[in-house]
Amino acid sequence: MKKILALILAACLLCTALAGCSGSSDDKTAVKEEKKGAIIQTYLSNPPVSIDPSAFYSSSDAIKIMGLIYEGLTTVDENGKVKKALAKSWEDEVDERDGYLKLTITLRNSRWSDGIVVDADDFIYAWTRILLPESNNENAAMLYPILNAKKVKEGLVSVNDLGISAIKDNILEITFEKDFTDIDYFLKQLASPALVPLREEVVTGDSSWAASGGTSYVTNGPFKIKTWNSSELTLERSVYYRGVSDSSSNKDNKIVKPYRIVNLYSEGRKPDAQAERYANTELFYLSLNGASKDLLASYGKKAKTEEMLSTYCIFFNLNDPLFEDVRVRQALSLVIDRSKIANIPGTGVEPATGLVPYGIEDTSRRKDFRKQGGNLISTTQDLEKAKQLLRLLSDAGVSGGKIVVECSNGRDFEKTMMNYIALSWVDLGFDVTVNTPNQNYLYNKANGVYPFNQNDANIIVMDIQSMTTDAYSMLTAFSGEYGGHFIDVTTGPDEEDVVYGSHLTGFNDPAYDEICAKIVNAANTKDRTAAMHEAEQYLMEQLPIAPLFFNCDKYVSQKLSGIKYDKYGRMNLTKLKQSNYKKYLPTDETN
């Protein structure tokens, strides 16, 4: 009897053990996910409108995502120091055969998120796409040190004449214009978010390749896009990044620690809607850009601030007769109390004293361009001077007028701020309306998809992001000749027949072009920086754009370490760790 009871008891224990081993499907999933790494719930930012890296007018939120999904040849750390990224090595020398300076870059072994090798041709395609005459891309001037790059943009020579070639699949050779010698400067330019590689068959084969809801996201950064729609943006570790594989001998989590970074927007696209999840330890990173003042105050000193190379600005439509006279633009800028409106976002942004924000390099990375350039616009209201300018205009037959402003509905403070500014403009005798179209509309308008004057709007308000660590890209963007705008190549083959497009504001000033020529053609950093200060001062006198404040990124995080930013404000989360991550793995994952 004892033996029988012992056998029965052993059988019961065995069944219990087997049941424990088999477990529920949720238990199996948890074990599977646990082996892959942390699945971290975050609110990194308002979701990007596009992942086209060459889009010049993008929000300061979107730039954070770009460093997670794309990688260029070099990068610049938060201290402004150039580091190798996809470039494994490089060397430069003057070719004795033709006398041209050439830079040869060998690429690391890395693959796109679909497993195809990233090669030199991917960089050639991405850069020539920026330089096409029919493109409207303000990043073109960054490439003008390359032999024939400017002539390609002007339609004077073919892209086949551009000084870039693939010597081998993994070796890119760049030939420079005769008078260019500053290799170190060009290597720093290659860290630009705009100069990452793109796959031609992806870009040309699917119109949705860069938009939410698309079906063929192909990126080359540490993370790939797993899901992107109106309610979710989920990034997943790319097993192909930097030659990583999912084999047991080379685990992919050696280079990229987190398995997934999940951004859910079903609760809402603004920080306040996500705050409860953060309080309940269901969310571990919470961006505070666009948060209410009450929410910001509740976090106090726990909130961290990162500098962004971005300025929030008013863009005037100079094709509207109302803004043809610079004195109107100057008067409208003079009545803006930037010190007060900088308090409206509540994130600690700095009132703008020029177009170029703090954090931009001057003659060296130890000197700040903004500090060296000083205050070019007032941070306090000068109502009397504004009225004096308008009295002069009134004597000339100009008085009042209708202003229609468009600013994004993505952040609550934007409409509040513009309504506050509108009151000052009304005091000057203008009829002002403030509209808040969705973020997608404003993005497409800024990048030329829609005309500026659609629905009679003559002012748009948005961020301008620096695509270089110095002031180069922000300033050359406003040049007709050096701004990378659409060029009409139908007028004739001669150089004097080139018809340059204008900046989206309609600003196209030959005197400004001459200053930008000094920037682009400068032989050294000292001369280039001096020309950039001259350009900014001229631009702030002409005011096709009225800067309001310098952006920053504000956030709180919990149970996370390894959060890093580069000089541009792009996030680097390859070493992101979540303490006790197994406790927070979702149980409803099925793949």
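How many salt bridges does the count come to? The rule takes a side-chain nitrogen of Lys or Arg within 4 Å of a carboxyl oxygen of Asp or Glu, and by this rule the count comes to 21 salt bridges. Side chains of opposite charge can pair when their charged atoms come close.

Two notes on the source. This is a predicted model, where local features need pLDDT of at least 70 and side-chain atom pairs count only at pLDDT 80 or more, while totals for chains, interfaces and linings use all residues. Residues are numbered from 1 along each chain as its sequence is written, and side-chain values use heavy atoms, with hydrogens and water left out.

Start with R129 and D52, whose closest N and O atoms are 2.9 Å apart in a salt bridge. R129 sits in helix α4 (residues 120–131) and D52 in the loop between β1 (39–42) and α3 (60–69), so the pair ties together parts that are 77 residues apart in sequence. Helices (H or I, at least four residues) and strands (E, at least two) are DSSP runs, numbered from the N terminus. D52 is buried, at 14% relative accessible area; buried means under 20%, exposed over 50%, partly exposed in between, with a 1.4 Å probe and protein chains only.

Next, R411 and D463 form a salt bridge at 3.4 Å between the closest N and O atoms. R411 is in the loop between β14 (401–407) and α14 (412–427) and D463 in strand β16 (residues 459–465), so this pair ties together parts 52 residues apart in sequence. R411 is buried at 10%, and D463 is buried at 4%.

Last, D95, R97, D98 and K102 are linked in a network of salt bridges.
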